Amino acid sequence: MSQPTMPAPPAAAVGTRTLTYAEALNEALREEMRRDPRVFVMGEDVAVWGGGGIFGVTKGLVEEFGPQRVRDTPISEEAIAALAVGAAVAGARPVAEFMYVDFMGLAMEPIVNQAAKIRYMFGGKARVPVVFRAQEGAGRGNAAQHSQSLEAWFCHIPGLKVVTPSTPADAKGLLLSAIRDDNPVVFLEHKVLYATKGPVPAGDYVVPLGVARRAREGQHATFVGIHTMVHKALAAAEALAGEGIELEIIDPRTLVPFDLDAVIASVRKTGRLVVGHEAYERCGIGAEIIAQVAGAAFDALDAPPVRVCGRNVPVPYNARLEAAALPQAEDIAAAVRQVVA
Amino acid sequence: MATEVVLPRLGLTQEEGTILRWLKPEGSRVGKGEPLFEVMTDKATLEVEAPASGVVLKILVAEGGTVPVATPIALIGEPGDAVTDVHAPAPPPPSGGPVPTEAAGVAGAAVAGEAPRGRAPEGRIRISPRARAMAESQRIDVRTLVGTGPDGRIIERDVQQAVAARAAGAVQPAGVDSTAASAAPQPASASPRTVSAPPPRQIPAHAAAHMRGIIARRMLESLQTTAQLTLTTEVDMEETVRLRNEVGPELERREGVHVTYTDLIVRAAAVALREHQAINARWEGEGVHRLPEIHIGVAVALEEGLVVPVVRHADRASIAQISAAIRDLSERARGMRLRPDEMAGHTFTVTNLGMFDVDAFTPVLNLPEAAMLGVGRLHRRPVAAGDRAEIHTTMVLSLTFDHRVVDGAPAAQFLQRLKHILEHPYLLLLP
């Protein structure tokens, strides 16, 4: 591994191409590794086997940057996380990949008790600029141990930032911000989104953490959701528009820090709030969002907020049952009709 | 130790209230927080919850009674609790001796101040936070609003509607056309109301909105909580027309009253009700409660809505007395000068749409009554007289009744008796 040196100044963003979500992530890694020699990636099968992880996010990186900066690891999530934390404290900027978020339970000690606490416990003298990448979500029949959405675990821990991009552009822009952040960031991708395409600015395109995106403008109800729920809400909004209901869709993009102001501004306009995530409804981030809105903008609410979330059951592998356990566009539409009734 | 139930102050300007209905009769058990009685204030009709659990030991103010705020109106306790010394609205001064009126007033106020005991409606109105905030900023009394959201919740659009209604009321001059107002001056043949009445007073828009809210709630409650249906029958009014033509001028000369068909029909209904007590009843909890007295409400249309003043003991009143009472009540109703107790205690209601050429209709029960009579137009048409056709004056009566309280056959018999009386109207002259 090369000695960390100072990064080059960012190049300007120029032009826009259509890329997949996975290609956009790959571009962010590649460009940032070119710019900043302190950045390296590590994880199971990120280098040699399969040519860049099971979804190809690190594809081609080992050829360009070599095995010192693109490192295959043993199958030990605790080791991946702990090594990344140590390297970050020592001055590197590691991007550690976990094959499935479901496996991160094995890595919670270094993430929760070390990465999230070190800067605080050393009085700000130590920094932990690490990114923990993983993919979550269901929709591929990967069964109960490979289909969960566990963002709420990390949102619960002070000291961790949590990022959940829903588009290729945001995937690139947010990953650049995550790598450049001096604090540990849990960067959660969605396995179904890897193949989705969208316009992505070329060059140094950065999306700041903590700034929501309005994915659709409407005045009758506000939907706040992440990952696939943004796309399902857009589909629901088309159906609702035919009924005269204009749905506003807010993609918070990062859950910690959370752009509460954007959500409240929308709810002040619409008076109605629906939140959605694939994660289990119970103690999900949706409950947190509703609680924050109710506390800060109680008098803006014209109807009780509604959650559209994953059922509180292990995610089934059978396609029909899996679909039934997940929140769908029709569920969002029904919830919106309920709050505007 | 029995708990005193006092009349709560439900609005800033409220000085007194009228008990419309005791929802728990004396002797029945009530749980804290259960609706105990219905009170009419200057603004609205509200249900008030019991302040304590126990048995309703004594009701101190009967239905229809109007008392000042903070007056004890009932006692809740356990059987055996003392029920004496409860009529005093204020406690005696500690020093004994004569009670200065001012001190009594202060004591009464203190009771009202310390006691949110009966006060419940304000905290129990189903309203969204957004609607409440908007109502506050727009100075709309939320108790007057009717919720159209899920489960009757008041939501933003209800407040917006009230604001719009108020704005519309503020910009429109008095005397804007409305069915009731335009109907007031009747052709002499169609309407008996040729006596000059005081001009209708323009009611402030917010009061109109209050009234609309009360009407909306009560009409919906009537249709949603009873099993009502309507029977119709045609009455040959030839004899009643003759009676009115012959007796009317006499009564006008001797008693100064102008007898209308409504007066005669109210009298006929009262006589028939005396004979058909099953109709003069109401559903109370789990059973039918027949009412010993006959008080007939007469629906009066106003520009802003509808009120139903009550002719008390109509079965014991003569045609002249009924006529005088109805004229007095309806004139004061149009001026919004009725007292709350003059609209309470009805056991049966008569409503007349004949002046609008309506033949028959389905009146909506005026709760808590079990029956209501709708009067159609008088008109001349061919009827069979033996094997010949003759032109007679006829009228259709529409009787709505609550099938929980009375079955179809007895309701039909009552209607049949009413028809008989109007076709043989000298029966109206019997005491």
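# Report on a two-chain model

V241(B) has 18 C-beta neighbours inside 10 Å and therefore counts as partly exposed. The scale behind this word counts the other C-beta atoms (placed from the backbone) within 10 Å of a residue's own: 20 or more make it buried, 12 or fewer exposed, and anything in between partly exposed. The structure is a predicted model, in which local features need pLDDT of at least 70 and side-chain atom pairs count only at pLDDT 80 or more, while totals for chains, interfaces and linings use all residues. Residues are numbered from 1 along each chain as its sequence is written, and chains are lettered from A and ligands numbered from 1 in the order in which they are written.

V241(B) sits in helix α7 (residues 238-255) of chain B. Helices here are DSSP runs of H or I with at least four residues, strands are runs of E with at least two, and both are numbered from the N terminus. Between the C-alpha atoms of V241(B) and T394(B) there are 9.7 Å, although the two residues stand 153 residues apart along the chain.

**Chain A as a whole**

Chain A contains 11 helices and 14 strands. Of its 341 residues, 53% are buried. Among the contacts in chain A with a separation of 6 or more, 80% are between residues 24 or more positions apart. Here a contact means that the C-beta atoms of two residues, placed from the backbone, lie within 7 Å.

**Sheet and strand pairs**

In what order do the 7 strands of the open sheet in chain A lie? The order is β3-β2-β4-β5-β7-β6-β12, and the pairing is mixed. Two strands pair if DSSP finds at least two bridges between them. At the edges are β3 (70-72) and β12 (254-256) of chain A, each of which pairs on one side only. From one strand to the next, the twist averages 20 degrees.

| Strand | Partner strand | Bridges | Direction |
|---|---|---|---|
| β5(A), residues 131-136 | β7(A), residues 185-190 | 6 bridges | parallel |
| β2(B), residues 16-22 | β4(B), residues 35-40 | 4 bridges | antiparallel |
| β4(B) | β5(B), residues 45-49 | 5 bridges | antiparallel |

Q135(A) has E189(A) of β7(A) opposite. In chain B, R21(B) has its bridge partner E38(B) in β4(B), and V39(B) has its partner L46(B) in β5(B).

**Helices of chain A**

Axes are lines fitted to C-alpha atoms, for helices over the stretch in contact, with angles from 0 to 180 degrees between N-to-C directions.

Helix α1 (residues 21-35) of chain A has an axis that comes within 8 Å of that of α6(A), and the two cross at roughly 30 degrees. This angle makes α1(A) roughly parallel to α6(A); angles under 35 degrees count as roughly parallel, over 145 as roughly antiparallel, 65 to 115 as roughly perpendicular and the rest as oblique. The crossing is right-handed, meaning that the near helix is turned clockwise from the far one by less than a right angle. On the α1(A) side, the contact is made by Y21(A), A24(A), L25(A), E27(A), A28(A) and E32(A), and the residues of α6(A) include K172(A) and L175(A). By class, 10 residues of this contact are nonpolar, none polar and 3 charged. Ala, Val, Leu, Ile, Met, Phe, Trp, Tyr, Cys and Pro count as nonpolar, Asp, Glu, Lys and Arg as charged, and the others, Gly among them, as polar.

A second pair is α7 (residues 228-241) and α11 (residues 329-340) of chain A, whose axes come within 8 Å and cross at roughly 55 degrees. Therefore α7(A) and α11(A) are oblique to each other. Their crossing is right-handed. The α11(A) side of the contact consists of A329(A), I332(A), A333(A) and V336(A), while the α7(A) side includes K232(A) and L240(A). This contact has 9 nonpolar residues, no polar ones and 1 charged one.

In helix α4 (residues 108-121) of chain A, the residues P110(A), I111(A), Q114(A), A115(A) and A116(A) are buried. Among the elements that cover them are α3 (77-89) and β5 of chain A. Just after α4(A), G123(A) has a positive phi of about 60 degrees.

**Where the chains touch**

How many residues of chain B are in contact with chain A? There are 9, and they touch 8 residues of chain A. Helix α3 (residues 129-138) of chain B supplies 4 residues, the largest share of the chain B side. That side divides into 5 nonpolar, 2 polar and 2 charged residues.
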